[in-house]
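Me: I would like to learn how to read a model of this kind, feature by feature. Could you take me through it with the general idea placed before each case?

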Amino acid sequence: MKVSENFSAIREKIDAACKKSGRNSDEVTIVAVTKYVTTERAEEAVETGIINLGENRDDGLIEKWETLKERAIWHFIGTLQTRKVKNIIDKVSYIHSLDRLSLAEEINKRAEKHISCFIQVNVSGENSKHGINPVDVIDFIHNLKNLNKIKIVGLMTMAPLTDDEASIRKCFRGLKELQNEVQALQLEYAPCNELSMGMSNDYTIAIEEGATIVRIGTSLVG
Ligand SMILES: *Cc1c(COP(=O)(O)O)cnc(C)c1O
């Protein structure tokens, strides 16, 4: 399938989910997750108008960046090892996987401009999931206050891998509630206006629960 065909189908579902929940479709940005596909396929996405690309490995991001550079806006979405920060920091606009202070310190040390970060939260509590425990998020944010390159633009989570819609919804709703708590702090460095949640299998539920960024790989680019 052409990316453009997948994109139209997804856009329709997004529009329907927005309508159902009384939201505007322009509140939702699609990040095309290109980790499974070639640079050519990523380029096809950009040519379709999907300029936000997500990668979960430094080498995958660098390879595609070499070709596409500023034609795309780059999102790092995967577990980020501290020693790899220097490889990607001048290429990415967003990091979705901030989950520990040592990583925040390294980003702050290496960055030459503001880096928009999402705190990854383990809402579902599954052991296999990375991310900060929800009860620790507020303390974590306070600990970032002197790291002046880091801007907390939002929160990110991954729903449990299950067909049970109720537990997926509960996870997304939990992230939304946490966002409200962070926003109530009114910190200049943590506006937290974004929610990065929803993938190929669950993005419509995520949108109904307030996602502003959905990260879609399989059903968009393959
Ligand atoms: C792979 C990945 C996605 C996309 O997953 P699909 O199911 O292929 O849409 C989204 N977010 C993260 C963090 C990923 O690693």
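Reply: What follows is a dialogue about annotations, a pocket, a helix and some backbone angles. This is a predicted model, in which local features need pLDDT of at least 70 and side-chain atom pairs count only at pLDDT 80 or more, whereas totals for chains, interfaces and linings use all residues. Residues are numbered from 1 along each chain as its sequence is written, and side-chain values use heavy atoms, with hydrogens and water left out.

Me: Where does UniProt place the domain "Alanine racemase N-terminal"?

Reply: UniProt positions are given in the numbering used here, with feature names shortened, and annotations may be inferred rather than shown by experiment. The unreviewed UniProt entry places that domain at residues 9–222. The end C-alpha atoms of this span lie 14 Å apart, and the span is 37% helix and 18% strand, where helices (H or I, at least four residues) and strands (E, at least two) are DSSP runs numbered from the N terminus.

Me: How should I read a pocket, and which residues lie nearest the centre of the largest pocket?

Reply: Rolling a probe the size of a water molecule over the atoms shows where empty space is left. A pocket here is an open set of points on a 1 Å grid over the protein atoms alone, where a 1.4 Å probe fits, with protein on both sides within 12 Å along at least five of seven lines; lining residues have an atom within 4 Å of a point. The largest pocket holds about 640 Å³ of space, its volume being the space filled by probe spheres set on the points, which are joined across faces, edges and corners. Its lining has 28 residues, and K35, Y36, M158, M199 and R215 lie nearest the centre.

Me: What does UniProt list for K35, and where in the fold is K35 placed?

Reply: The unreviewed entry lists K35 as the modified residue "N6-(pyridoxal phosphate)lysine". K35 sits in the loop between β1 (29–33) and α2, and K35 is partly exposed at a relative accessible area of 33% (buried means under 20%, exposed over 50%, partly exposed in between, with a 1.4 Å probe and protein chains only). Leaving aside residues up to four places away in sequence, K35 touches G54, E55 and N56, contact meaning heavy atoms within 4.5 Å.

Me: Which residues of helix α2 are buried, and why do they lie on the same side?

Reply: An α-helix has 3.6 residues a turn, so residues three or four places apart point the same way. In α2 (residues 39–48), the buried residues are T39, R41, A42, A45 and V46. They lie on the same side of α2 because they cover an arc of only 165° around the axis, the arc being that of the directions from the helix axis to the C-beta atoms. Their cover includes α1 (3–20), β2 (52–55) and α3 (58–68), while the face turned away from the buried side carries the exposed residues E40 and E47.

Me: What is the phi of K69, and what is that of Q186?

Reply: Most residues other than glycine have a negative phi, and most peptide bonds are trans. K69, in the loop between α3 and β3 (73–76), has a positive phi near 40°, and Q186, in the loop between α7 and β7 (194–196), has a positive phi near 55°. K69 is partly exposed at 33% relative accessibility, whereas Q186 is exposed at 72%.
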